[in-house]
Amino acid sequence: MATKIISLEDVKKSYFIKSEEFSILKGINFDIEKGEFVSLMGPSGSGKSTLLNIIGALDKPTSGKYFIQEKLVSTLVSDQLADIRNRYIGFIFQNFNLIPTLSALDNVALPSFYAGKLVYERAKELLNMVGLSGRFNNRPNELSGGQRQRVAIARALINDPEFILADEPTGNLDSKTGREIIDLISSLKNKHGKTILMVTHDQNLSKITDRVIYLKDGRITNKKSL
Ligand SMILES: Nc1ncnc2c1ncn2[C@@H]1O[C@H](COP(=O)(O)OP(=O)(O)O)[C@@H](O)[C@H]1O
Ligand SMILES: [Mg+2]
């Protein structure tokens, strides 16, 4: 039987502004199995980033249950969530989220420091793997957008996460560079067996994934009703 990595049961998220409730996620149910590459699509404002932040243990649902490898995550407190993020999850963001004062190598190594075991050799291997062998000492502002995203991908892998979350990873890149980054992300599945959930606006990108989850107005929907 396939192993469930991510499991959501009736996950809801509301924001309260001056005691008025804004319901953003209205009962989300799905599982993602080990080794799947899944894309998450939907109109702007449909709740994709909100959902990704919950799955990334950066935020908590208002109600419902969220499990990582059958471990209930949605009731954990913030220190425990930080531990889950370090141990299980690699993040790739649209705007790269690198630390501007650190070299590429230090950016990649940093999460291993927080995990209690600084691993520079592995950081170097990962930078080599993403095609940045000559760029260990460059800071983010000395790198192109595509190179910055490669650094972020190496960083996402440093603690050997159980799954990778990517929120519009090509959103700030030109189409050719975006394609190269998607090839690299695909190789994480194909060569390294990683489980990946990727938010994208691009139909062409979603086509190369194993499955597409569509979100509309805070609910999972089928493609036709988008
Ligand atoms: N911290 C917040 N406080 C209040 N509303 C928020 C907050 N974060 C997001 N929202 C609202 O939630 C909705 C979904 O946002 P988001 O998840 O970023 O959508 P998407 O990523 O699909 O574009 C939007 O209407 C947004 O304004
Ligand atoms: Mg978003």
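Helices of at least four residues and strands of at least two are DSSP runs, numbered from the N terminus. The model described here is predicted.

Two such elements, strand β2 and helix α1 (48–55), each give at least two residues to the shell around ligand 1. Helix α1 supplies the largest share, 3 residues. The surroundings of ligand 1 include Tyr-15, Phe-22 and Ile-24. Gly-42, Ser-44, Gly-45, Ser-46 and Gly-47 also surround the ligand, as do Lys-48, Ser-49 and Thr-50. By class, this shell holds 3 nonpolar, 7 polar and 1 charged residues.

Strand β2 also belongs to an open sheet of 4 strands. The strand order is β2-β1-β4-β5, and the pairing is antiparallel. Strands β2 (20–33) and β5 (71–72) form the edges, each pairing on one side only. Strand β1 (residues 4–17) pairs with β2 over 11 bridges, in the antiparallel sense. Ser-7 has Asp-31 of β2 as its bridge partner.

A helix pair was examined next. Helix α3 (residues 104–114) packs with helix α5 (residues 145–157) at an angle of about 25 degrees. Their axes lie 7 Å apart. Angles under 35 degrees count as roughly parallel, and α3 and α5 are therefore roughly parallel to each other. The crossing of α3 past α5 is right-handed. On the α3 side, the contact is made by Ala-104, Asn-107, Val-108 and Pro-111. Helix α5 contributes Val-151, Ala-154 and Arg-155. This contact comprises 5 nonpolar, 1 polar and 1 charged residues.

Key. Residues are numbered from 1 along each chain as its sequence is written. Chains are lettered from A and ligands numbered from 1 in the order in which they are written. This is a predicted model: local features need pLDDT of at least 70, side-chain atom pairs count only at pLDDT 80 or more; totals for chains, interfaces and linings use all residues. Axes are lines fitted to C-alpha atoms, for helices over the stretch in contact, and angles run from 0 to 180 degrees between N-to-C directions. Angles under 35 degrees count as roughly parallel, over 145 as roughly antiparallel, 65 to 115 as roughly perpendicular and the rest as oblique. A crossing is left-handed if the near helix is turned anticlockwise from the far one by less than a right angle, and right-handed if clockwise. Two residues are in contact if their C-beta atoms, placed from the backbone, lie within 7 Å. Ala, Val, Leu, Ile, Met, Phe, Trp, Tyr, Cys and Pro count as nonpolar, Asp, Glu, Lys and Arg as charged, and the others, Gly among them, as polar. Two strands pair if DSSP finds at least two bridges between them. A residue is near a molecule or strand if its C-beta atom, placed from the backbone, lies within 6 Å of it.
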